[in-house]
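Welcome! Take a look at it first, and then we will walk through it together.

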Amino acid sequence: MKIKVLAVEDEIINLKLLKAIFEAEGWDVLTAENGKDALEIARAELPDLILSDILMPVMDGYALCRQCKSDETLKHIPFVFYTATYTEPQHEQFALDIGVDRFIRKPLEPHTLVEILMDVLGEKKTVAPAVSKPLGEEMEFFRRHNEVLFGKLEQKMLDLEAANQELRALEEKYRLSFDHVTDIICMIGTDLRILSITPSVERMLGYKSQDFIDKILSDLGHIFTPESLKQAITKINLLLKGETIAMAIHEFIDRDGHVKIGEVGGSPIMRDGKTTGAVFVVRDITTRRRAEDALAEERQRLAYILEGTNVGTWEWNVQTGEMICNNRWAEIIGYTMDELAPVSIDTWVRFIHPDDLNIMIDLLDQHFKKKLLYYELEARIRHKSGDWVWVLDNGKVVSWTDDGTPLIMSGTHQDITRRKLAEEQIQHMATHDGLTDLPSLRLARDRLSMSLSMARRQRNMTAVMFLDLDEFKAVNDTFGHDAGDDVLKEVAKRLLSCIRETDTAARVGGDEFLVVATGLHDAENAVQIAENIIRLVSQPIVIDSRQTVVTASLGISLFPQNGGDVEGLIKLADDAMYEVKKSTRNGYGFAKTVHAP
């Protein structure tokens, strides 16, 4: 059976080379130019192995691997990185952490690459399928992912800036020397013949100066691209009319057929008020333009990556307060950039929740003092609709002033509202009864503990009431368990109607409930609450057009009269409830004392 491999590479030449290598081995080869397309192909074709580059548009290799290793149908497929860009140990470790089966650095001889891939396929037959190593919360993956991407982009920008600085230094060094000047200076007469040209033309185009002398411009079409030749003739005619032309970009063709980029400016030569010719200065900016194009390409790749992760980006001038943000940054809170313009740090402060603002200020201060390597905050932001949305705010100072104060800080915003709501829901489910939605016994204990602390400070009373329904078993036996559940839910509603917002009603299990009443002045306050509960609980309950009645036995313990221990007060209330249940039922009793209604 043929091996089916999926090769993922955004450089077309490299992709064709890989395809040729694998087809020579008799393999079936699938190809994709980015992670998004690769994921679709992998799900449709289920290859035997995936070989992927890392730095790609739309979806990069890290994100692709993360998706594959999280997919039940794809996680068993061996996943190999083949990269020449991400070669540092931390890049490899991050790859292994998300489940990559092998990390290969380019370049390799074709036969060596094939041997390694065969080893990986062999391991698949004898070793359990690779499972991605846990990275903790989803945001941990995005943090490490962004850290790798921003780190690589920072280094490339620094390299390109260093190259630009070197070029500018060279240009300044030779600018004033005619024989060694890097700029080409050319004089043309009114008949369009070249009168003189500096030797620097050889450095840019590979021709000698004498190859141009006394030549008419139209005879030099071989050193221009067609469009540039047309522009040159037009501008020379303007110069010969006495006009000065602005700097412009022209494309030239050197002796070897390579396209060179020149920045061209010119002025007319005037004598006795008449134009006698023109002088041109041509500066070779090929290297600079390529560096700028490379930087623009890197920025575009980063833009694709950010678009793929659906995050907002921001850049903040800490000294002036000005901010530059992308459209997604505004969309997260329901606005357009035009609606928010001009954007500054004050814009952010205006929308952030007051409680989170203080945390933000503290974290920024620690980052500015270099106590924190990165700034990271989960904050609530006011949406245009009036609701609060949760945002993961990440950033780092990328530029400092000479005296060490922060200058430029950049970062991202990610909408994490769904995650936060899910966390809140999970927390609620863990602390509340699933049937009645009342707090659980665990949460009731916590609230009782806080109530006792407050009662000590304010020198007042807290009552603990343990309630058990009388003859509830008869409801289940007569009407069924579904009806019993409806009775419990109705009792829960009636309990809530008997207490204040500061009190707590909890279901502790079966037909047992617990009430914590706070801020009481005397035992009579507890009696009023208990009598109200017993009265409301004992009122008829209608179930499927049939009526039933349940009553309640209720025990009460008081703080500080019966002690200050949470478990002790609950136990005393429970004991008091059982005393009521053994005697009168449908009543209440204090610890050691029983009262009928």
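Let's begin where two helices meet: Gly35, Ala38, Leu39 and Arg43 in α2 touch Leu64, Gln67 and Cys68 in α3. By type, the residues of this contact between α2 and α3 comprise 4 nonpolar, 2 polar and 1 charged. Please keep in mind that this is a predicted model.

**The helix pair**

- Helix α2 covers residues 35-45, and its axis lies 9 Å from that of α3.
- The two helices, α2 and α3, pack at an angle of about 25 degrees.
- Angles under 35 degrees count as roughly parallel, and α2 and α3 are therefore roughly parallel to each other.
- Where α2 passes α3, the crossing is right-handed.

**The sheet**

- An open sheet is built from 5 strands with parallel pairing, and their order is β2-β1-β3-β4-β5.
- The edges are taken by β2 (28-32) and β5 (102-105); each has a single partner strand, so one side of each is left without a neighbour in the sheet.
- On average, neighbouring strands of this sheet are turned by 20 degrees against each other, direction ignored.

**Inside the sheet, and the helix on it**

- Strand β1 (residues 4-8) runs parallel to strand β3 (residues 49-52), and 4 bridges join them.
- For alanine 7, the bridge partner in β3 is leucine 51.
- Helix α3 (residues 61-69) packs on the sheet, where it touches β1, β3 and β4 (79-83).
- The direction of α3 makes about 175 degrees with that of β4.

Conventions:
Residues are numbered from 1 along each chain as its sequence is written. This is a predicted model: local features need pLDDT of at least 70, side-chain atom pairs count only at pLDDT 80 or more; totals for chains, interfaces and linings use all residues. Side-chain values use heavy atoms; hydrogens and water are left out. Two strands pair if DSSP finds at least two bridges between them. Axes are lines fitted to C-alpha atoms, for helices over the stretch in contact, and angles run from 0 to 180 degrees between N-to-C directions. Contact means heavy atoms within 4.5 Å. Angles under 35 degrees count as roughly parallel, over 145 as roughly antiparallel, 65 to 115 as roughly perpendicular and the rest as oblique. A crossing is left-handed if the near helix is turned anticlockwise from the far one by less than a right angle, and right-handed if clockwise. Ala, Val, Leu, Ile, Met, Phe, Trp, Tyr, Cys and Pro count as nonpolar, Asp, Glu, Lys and Arg as charged, and the others, Gly among them, as polar.
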